[in-house]
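This report goes through a few local features, one heading at a time. Please keep the sequence and the structure at hand while reading.

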Amino acid sequence: MSGNPKLRTNSPAHIVMCRLVDLGGCALIARLIEVLTAEQQRVSVIQERVICPLVERGFVILLNETTLKATQAGKDYAGSFLGRSLPHFERYVGQPAASRIAPSFRPLNLSKLISGRPIREGAFEYVSIPSMMGGGTCFEWRGC
């Protein structure tokens, strides 16, 4: 990769490189990736698409597992982009749900209720029919 020293503009490595130089040339990786999207903040993505390309091109030195330091080549590369505005990803901050307001209590309006209909004559005659349940044994149903 040393043959092509340029990074793709607005790639995660490019954004982190510009942020590193903007912060003074030395910063924690956790502080640098704050500007990346949530998808780009996964550990595998950071290692594969951010740290490795920058180290291979000689733009940064990995001081320890958590700190990056920009080299002079990295500062020169990022210096040409610092006048431009970098993409800014705002973090979503959730807001608590508003309280739910129930309508005020209204007493039941009895005038709007439908009264029960009269039952036709002979509607309950089926209760006088004996039951044949139980294998031919006849049981009389005794209502209330």
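## A buried aromatic pair

F59 counts as buried, at 4% relative accessibility, where buried means under 20% relative accessible area, exposed over 50% and partly exposed in between, with a 1.4 Å probe and protein chains only. Y77 is buried as well, with a relative accessible area of 11%. This is a predicted model, in which local features need pLDDT of at least 70 and side-chain atom pairs count only at pLDDT 80 or more, while totals for chains, interfaces and linings use all residues. Residues are numbered from 1 along each chain as its sequence is written, and side-chain values use heavy atoms, with hydrogens and water left out.

The count of aromatic pairs comes to 1, under a rule that pairs rings of Phe, Tyr and Trp (its six-membered ring) if their centres lie within 6.5 Å, and that calls planes under 30 degrees apart stacked, over 60 edge-to-face and the rest tilted. The rings of F59 and Y77 have centres 4.9 Å apart and planes at 15°, so the pair is stacked. Because F59 lies in the loop between α3 (43–56) and β2 (60–64) and Y77 in helix α4 (residues 72–79), the pair ties together parts that are 18 residues apart in sequence; helices (H or I, at least four residues) and strands (E, at least two) are DSSP runs, numbered from the N terminus.

## A residue before the helix

N10, found in the segment before α1 (12–22), has a phi near 65°, a positive value in a residue other than glycine. N10 is partly exposed, with a relative accessible area of 43%.
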